[in-house]
Amino acid sequence: MDLVALLHYAFLQNALSASCAVAACSAVIGYFLIGRSFTFAGHALPNIGFAGAAGAVLLGVSPVFGLFSFTIEAALVFAFLGTKVHDRDLGIGIVMTFCLGLGLFFLALYSGYAERVYGILFGTILGISDAEVRLTLISSMITLVGVAVIFRPLLFSTADADSALARGVPIHFVAAVFLVLTAVTVSLAVQVTGSLLVFTLLVGPAATSRSFSRRPAVAIGLAVILAEAYAIVGILLAVVAKTIPVSFFVAALSFGAYLASRLLRKGKTWKR
Amino acid sequence: MEEIIRSDIFRNALLGGSLTAILCTAVGYFMVLRALAFASEALTDIGFAGATGSVLLGWNPFWGMIGLSILAVVALGTLGSSNKLKGRDVDVGMVLSFALGLGVLFLSLYARSSASHASSGVRILFGSLMSLTGPVLRLLLIVAIAVLLVLVLIFRPLLFASVDPNCARAKGVPTKTLDYVYLILLAATTAVSIQAIGVLLAFSLISAPAGAAHKLTRNPALALLVAVLLGLGITWSSILLSFLGPWGKIPLGFYITSFSALIYGLALLRDQFRTRIKLEAPHHHERETTLIED
Amino acid sequence: MDPKSDINEASMILRQVSIKLGNRMIQERMSFQLEQGEFVAVLGPNGAGKSTLLKLLLGFLRPTEGEIRVLGKIPRTGNQLIGYLPQFQNTESMNALRARDIVGFGIDGHRWGFGLPNRKREEKLDQVLEEVDALNFSKASFDEISGGERQRLLLAQALISSPRILLLDEPLASLDIGHAQEVITLVSRICRSRKITVLLVTHDVNPLLPHIDQVLYMANGQSVLGRPDDVITSEVLSRLYGSRVEVVNAIGRRFVVGAEI
């Protein structure tokens, strides 16, 4: 298997470039999700997005648009409801499964839907189109720029919301912007990992890197490197394996690294 | 239309659906009481790996799911409340995602092996009325009877332990054992619901009718009854629509999750409305007590 | 009331009981005896082992050494003759049922099966609810009533199995003075009328002084049992704490100065 030769193929180039962009965003966003105890969003948003993606397929449009619309709306609702939402497990679970059911409905109306279901659930990065790659690269750029702009207030309000508020930081606005950026990232990540496994790319890298350093810049940097590694290695392994999707390999790598970091750092306490 | 209603498939669907509904809602009543939504989610995800793994091996998904879930229950230790899990959401989230990842692996291998496997894979995820055949119904019936029998047997101590574990323990209720037993019942219920509504959607039927019932009444026997009735109502309507509805081939799961969300939403609204009225009415049952020293 | 009540048999006996949690010696060779029907306040700083003592009596824990006899037997869980009111825990699940249902657990919450509707059971419930003066909010849920009313209901739950001993773990902690006084008066009345031995863990003994027979003061690995006048004195408490403690008697109250109560 001559990987170098394979790299000439457009599909692989597309997959790699899109994934690298997404991985960077995911790692950064995931770092803050952990800090804000909002990792459940990495579970809820993709499922809600599933309905959007399915609807888009039915309309004959790229799933990414459906994902964007559903997840961004959901993110704004979460922002409006505040952190109380975290405790409403039951309500969130019911809404999530409703969205899965809704997505199922859209797809059932579309013939040949089993393939499509798998596509959204497991990820379709190896089949990503040129247009989608462009969309992904641009969106990722916007997301990273967005995070850079709100970086300091975001960091401050994540570490200590009360002090930040007292200092005049617009914490609610920053929170809303952050959630929208999360929604965008999740939507892009669904292309790589599918809606079932977004969590592994979103939260995994930062969860692992936080074991090694408390300093934000270092933790985020390390998380990005890990995420890129998972994405690239995952894609290459999937190309070799043929029937096994990229998302499985990303999940396996992510979990493996996380487990290793927990075992190596056993006994060292760190802020969750 | 007559023809459809008289067909075996319809009768099986009705029977299977009803059994699933009764089972899910009865177990769901306690799931809501014990605030185990997160644990339920966890069991579903871990069970997913078990279900898809056993299908890959050619077995009925029920066994893989129940087997792995029981292992998970034992490994995770006693989960009297979800709080222990919730405090470590990153840890648990990673484990769950990995379990989902395994499920994705197994399902991919299975689905790619043939076209019929592809669609039966979707059925594991989302359920299907057509899959409620004779042998499946028999398994469903046996599990339903077993779980419901155990539930009736432990009803009072489980209720006591769910509400006031310290007092219950003092009165001799084996609270830790009941914690495990209940989780196993929950795992079995989720596993056997795969056939009708699928792994991903089972949560709806377990949580929504019970959640709504809890908001409608505080009387436990009544709440249980209401939950079961709501569940049956949702299921029957869904089955009818799935067979006779305008779009024909729509899976049962869509109707069930939609009605579930609707019922729960309505119960929430009623609650909000009632709270507003209550805040305006004077507090009338606080009596003035005179303090007389004996 | 209870035809088997042998007033001569001690309610509870502890002989040389030591409690060790991990590496910490909570209580060293504690010995005391209580007679049936006594009302005893349990005092002492946090961590002195007050709640632990209750857990020993309930059979939740075994002592590291020594003997305990409760109503003549070794403590075990499931003893219907002991009523228990644990420390306040605000759980959602308490609010999911009606007050009646929660009090009803005291009758048969530990029995297997479903339990069929039963007129005698309802009557017994009503009787106890009447006794604690909680009948008119028995259909409410816990989040609709006040702290004092809540404690009365939990008391009803403890009483409904006709216990000989009542263990109350900081029942006054989250109550304002008015409600606390309500609860104390009620407990005292029940203690006398039903001849129940009552152990009440608290931080402030003053409201209890008119009602209690003895005080069990636990601190610093030691304990003293005796009448309030004998125990809550500068000498005894200084000895117990191992450092200078002053007890000031003023305006009909006792104030312990120089140590955490």
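In this predicted model, 35 residues of chain C are in contact with 31 residues of chain B, a contact being two residues whose C-beta atoms, placed from the backbone, lie within 7 Å. On the chain C side, the elements that put in two or more residues are α2 (99-108) and α5; here helices (H or I, at least four residues) and strands (E, at least two) are DSSP runs, numbered from the N terminus. The biggest contributor is α5(C), with five residues. Sorted by class, this side of chain C has 14 nonpolar, 14 polar and seven charged residues, where Ala, Val, Leu, Ile, Met, Phe, Trp, Tyr, Cys and Pro count as nonpolar, Asp, Glu, Lys and Arg as charged, and the others, Gly among them, as polar.

A word on bookkeeping: residues are numbered from 1 along each chain as its sequence is written, with chains lettered from A and ligands numbered from 1 in the order in which they are written. As the model is predicted, local features need pLDDT of at least 70 and side-chain atom pairs count only at pLDDT 80 or more, while totals for chains, interfaces and linings use all residues.

Then there is the contact between chains B and A, which takes 40 residues from chain B and 39 residues from chain A. Several helices of chain B supply two or more residues to it, namely α3 (37-56), α6 (89-112), α7 (115-126), α10 (175-216) and α12 (252-280). Of these, α6(B) provides the largest share, 14 residues.

Back in chain C, the domain assignment (bounds from an automatic or database source) gives domain 1 (1-81 + 164-261) and domain 2 (93-161). Their C-alpha centres lie 26 Å apart, and the contact takes 11 residues from each of the two domains. Helix α5 (residues 177-194) of chain C accounts for the largest share of the domain 1 side, five residues. That side has six nonpolar, four polar and one charged residues.

Chain C also holds an open sheet of three strands, ordered β2-β1-β4 with antiparallel pairing; strands pair if DSSP finds at least two bridges between them. Its edge strands are β2 (24-34) and β4 (65-70) of chain C, each pairing on one side only. From one strand to the next the twist averages 25 degrees, with axes being lines fitted to C-alpha atoms, for helices over the stretch in contact, and angles running from 0 to 180 degrees between N-to-C directions. Strand β1 (residues 12-21) of chain C pairs with β4(C) over five bridges, and Arg15(C) sits opposite Glu67(C) in β4(C). Helix α1 (residues 50-58) of chain C packs on the sheet, touching β1, β2 and β4 of chain C, and its direction makes about 120 degrees with that of β1(C).
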